[in-house]
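Biologist: I would like to learn how to read salt bridges and helix faces in a model. Could we work through some cases?

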Amino acid sequence: MNQRAALRGRSEEVAAALRALRAARDGDPSVLVVHGEPGIGKTALVHAVVEQAGRLGYAVGAATARDGDRLAPLSSLGPALRSGPRPLVGSDDFLSLAALNDQPLWLAERLAALLSARSDTEPLLVVVDDFQWSDPLSVFVLRLLTARLAGSRMCWLLAARNQAHRPADAVTEAVEGVLPVHRIDLAPLAGDAVLDIAADRLGHPADAGLAQRLATAGGNPFLVTQILEDGTPGGLVEAVRRRLAAASPECLALLRAGAVLGGRFRLGDAAQLGGEPPTAYADALAEAIALGMLTDDGRWLSFRHDLLRQAVYDGIPPSARWSMHRSFADHCVATGRGAAEAAPHILATAAEGDHEAADVLRTAALDLLATMSITSVTFIRQADALVADDRSRSPEFGRDVVRVLTVAHQHAQARDFADEILRDRPASADQAALVQLLLAPRLWAAGNRSELGRRAADPKTAGAAPALRARLTAYVALAVTDGAAGRTGEGEPADAVAAEVGRDGESAEAVGAAPGRTGEGERADAVGAEAGWAGQSEAADAVAAALAAVGRAETALSGGRYAEAAAHFRRAREIGGTASDETGAPDLAQLEIREIAATARFDLDAAFAALASARHADSWHAIEYAWLRADLQLGAGRLNEARQDAEQALHLAADFADHAFVGRVRAILAFVALARGSLGEARKQMAEAARAGTELPVLTGLIDDQEGAPAALQSPRAAEMPWWDEVLARHAVIAHRRGNLERLAEVAERLDRLAARHPGAAGPAGAAALAHGLLSGHPQRAVDLLTAGGRDLLLALAEEEAGRAGLVTADGRAEAVGSLERALARYEELGADAGAASVLHTLHQVGLRRRRRPPAHPRQETGWAALTTMERKVARLIAEGHSNRSAAAELTLSPNTVATHLRATYAKLGVNSRIRLAAAVNQVGVTSAD
């Protein structure tokens with residue numbers, strides 16, 4: 001086919017693509033999405049764009065997705081990265097990616113690094129045609145890559161058919177607002193363009209009769225070419241039937257076998273369906289190629305267009321199609337090629353009651369679960385539908401659906417499906433227990449205690465096997481150990497809860513009615529026994545024993561006994577590691593995260609070391625580990641780093657569409673805002689946390705206290721896990737400055753108890769010493785205790801108060817001023833604007849003037865004032881017309897660094913292109929000389 005003839009009538013579309021290519025070459029990347037009906041000319045347009053990209057100096061990676069791609073990870077995007085004489089990703093780098101197929105975030109990050117480095121030397125175009133058939137991993141990775149590489153010289157081109165659920169939409173939804181998205185919807189060609197195609201192919205204009213026949217194609221370029229080749233109008237099936245009228249029986253058999261196998265197939269597989277050796281089809285293959293039906297690349301045979309394959313397929317009698325699909329599926333299973341390869345053919349033939357087909361699909365789902373979990377969901381749901389008539393097998397298959405949905409991180413769907421099967425299908429107590437236990441680890445990790453308690457106490461599980469009952473009972477206990485019942489201190493479960501936990505979990509009502517919690521941990525030893533945790537035998541079921549250790553950890557955490565909590569979390573991880581594949585086993589990564597977070601409260605250095613060597617960190621837990629990094633940075637007082645890590649966690653939550661841990665992340669951002677003196681921002685973050693299902697009474701109380709409305713000293717919840725010593729220290733300072741000695745004494749008493757539980761821990765000891773020092777007028781001991789403890793923000797607070805105390809005596813003035821200046825320097829280094837402002841105010845009151853350094857992190861979140869100095873320089877240069885490369889040369893940076901600054905600038909200014917950036921800079925009225 002003449003390529004130029006195929007592009008008749010598409011000048012506007014090509015021009016739009018060229019504009020995007022030129023912009024991306026100059027550093028303004030974008031996504032091009034081409035949609036249209038089959039045969040409308042998407043591939044022809046793609047070829048034209050690729051040709052133009054080459055002329056513009058692009059390195060191009062292009063591939064076409066196939067309808068069998070959904071069974072193999074990265075099978076659509078991977079070939080694009082390896083295509084052409086100069087692949088975008090080298091062989092060694094690409095081979096290393098295979099190990100990351102089950103870690104999609106890491107895979108995307110690795111690819112982003114590789115492509116970013118390549119785009120420093122030349123612009124890149126990545127093309128996937130027939131994107132509607134892309135495998136789920138390719139879609140997920142492209143969602144992340146397009147946003148991650150928003151500052152690189154890249155253009156993305158995705159071409160796909162019009163259909164209800166379009167994979168390209170998932171990519172564009174993720175990137176809109178970050179990158180320009182250019183949508184090209186290919187309409188049918190106008191009559192003049194159709195006649196131009198005919199003239200191009202014939203070498204002369206079409207006569208009146210041919211023009212009339214061409215009009216029946218409805219402006220579809222592929223159908224136009226079929227009419228020109230066959231010479232007669234009519235539907236495509238009829239045209240193909242006429243073309244094949246004189247074909248040999250062997251050629252017809254080959255084409256029909258290929259149509260059943262898919263758009264691309266091996267000659268050996270087609271021969272197997274025909275019951276002949278491949279050599280018997282040599283002449284038939286040559287004949288099919290001569291007829292314009294197939295192409296041969298030496299390994300694969302392909303239909304020249306999928307519409308041709310569909311036409312041949314539609315011409316096969318339904319019963320023959322069924323037999324051919326089932327025959328090949330049986331062949332795949334019998335020869336060890338696997339249930340996954342057989343599954344598409346099973347799906348084409350199976351009907352309700354086909355239990356043999358259900359078993360194949362179930363096996364395929366479980367085989368693919370580790371690397372293609374989304375495809376597994378499709379297979380297991382279909383398998384479940386096939387056994388709906390079998391009351392004995394349906395509950396078991398339903399349980400597998402819940403399992404697969406859980407592994408695929410489709411947690412809401414898993415819960416909904418569990419409710420459906422438990423309501424509508426007769427299940428044994430064991431089956432009901434297994435279903436609820438599949439859901440329990442996630443519910444516990446996400447802090448959804450009310451639902452956890454309800455499910456673990458489900459009456460349908462009564463009579464389940466002892467091991468299953470032990471696990472459910474343990475989850476019932478966990479639901480109340482850190483649950484929603486109110487606390488007025490750092491207390492533990494009340495007696496009614498403890499008594500209930502020690503039983504076999506029959507009464508959900510009693511658990512749900514557990515009264516509020518009081519006290520501050522004085523009954524620590526008794527509580528463990530009352531709650532049933534201390535008596536839980538580790539010689540019994542390993543999962544239940546691990547959960548018992550979790551319960552002990554959370555009880556200790558609620559009482560502020562962090563070292564004890566860390567030890568129990570570690571023990572839970574050790575026990576759980578022996579039973580991690582058992583249903584209901586707690587997530588080892590979640591246990592590790594909680595162990596490290598608890599450790600940080602009494603030994604921050606050890607916590608940072610443990611995080612650096614985390615054993616269970618993977619991309620599926622990236623959100624939680626990002627939260628943990630932010631939490632540790634907050635404890636160290638490094639506010640800018642804490643904020644960056646927290647924002648990274650929010651971005652990851654959006655990437656994975658998983659918002660279960662957003663509330664905890666917002667708590668850190670609220671604390672950071674407090675330290676920077678932005679109470680409005682802090683309240684905004686707490687409102688966002690509440691919308692995510694996380695109330696933050698501790699921080700609410702601190703803000704109220706800071707604003708002059710003293711609040712009850714509520715204790716932290718385990719799920720909230722703020723830096724309680726620092727919260728109390730701030731309450732102490734506020735009380736002292738207001739002359740509220742009664743409240744200050746109350747805070748000091750609490751800090752004494754906290755410090756007593758962690759002998760040698762700098763944070764609690766230093767905070768307690770600060771409170772007592774404020775009472776006595778001599779807080780210097782707090783500074784001494786905190787100097788080497790890694791708690792820099794708390795140290796700055798102690799230095800400030802020591803300086804303020806020293807100002808009251810003439811002989812201590814010089815030392816006091818030195819202490820205040822050290823506090824000021826530390827606050828400025830940490831980005832603690834509120835602390836710095838407080839110290840400056842104190843110095844000014846005694847007649848000392850100090851110029852404050854520019855804030856380490858701007859207080860404003862958006863707009864020109866939110867930009868760093870380097871971001872402003874980059875913005876000015878880009879607005880003046882510089883490319884990333886020329887701006888990099890001007891600033892003595894790498895183009896990739898400029899791209900990073902440009903991405904941040906786009907986000908802060910709310911723009912997504914260089915044109916809009918220039919308009920924003922011009923509105924501010926600055927130039928690179930400013």
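Biologist: Are arginine 791 and aspartate 725 buried or exposed?

Modeller: This is a predicted model. Buried means under 20% relative accessible area, and both arginine 791 and aspartate 725 are buried. Their side chains form a salt bridge, 2.8 Å from N to O. Arginine 791 sits in the loop between helix H41 and helix H42, aspartate 725 in helix H38, and the two are 66 residues apart.

Biologist: How many salt bridges does the structure hold?

Modeller: The structure holds 45 salt bridges. One of them joins aspartate 631 to arginine 601, with the closest N and O atoms 2.6 Å apart. Aspartate 631 belongs to helix H33 and arginine 601 to the loop between helix H31 and helix H32, so this pair ties together parts 30 residues apart in sequence. Aspartate 631 and arginine 601 are buried.

Biologist: Which residues are linked in a network of salt bridges?

Modeller: Such a network links Arg415, Asp419, Glu451, Arg454 and Arg455.

Biologist: Now the helix faces. Which residues of helix H15 are buried?

Modeller: In H15, residues 282–290, the buried ones are Ala284, Leu285 and Ala288. Seen down the axis of H15, they fall within an arc of 100°, so they line one face of the helix. Asp283 and Ala290, on the other side of H15, are exposed.

Biologist: What covers the buried residues of H15?

Modeller: The cover includes helix H13, strand E7 and strand E8. Just after H15, glycine 292 has a positive phi of about 80°.

Terms used:
Residues are numbered from 1 along each chain as its sequence is written. This is a predicted model: local features need pLDDT of at least 70, side-chain atom pairs count only at pLDDT 80 or more; totals for chains, interfaces and linings use all residues. Side-chain values use heavy atoms; hydrogens and water are left out. Buried means under 20% relative accessible area, exposed over 50%, partly exposed in between (1.4 Å probe, protein chains only). Helices (H or I, at least four residues) and strands (E, at least two) are DSSP runs, numbered from the N terminus. The arc is that of the directions from the helix axis to the C-beta atoms. Contact means heavy atoms within 4.5 Å. A salt bridge is a side-chain nitrogen of Lys or Arg within 4 Å of a carboxyl oxygen of Asp or Glu.
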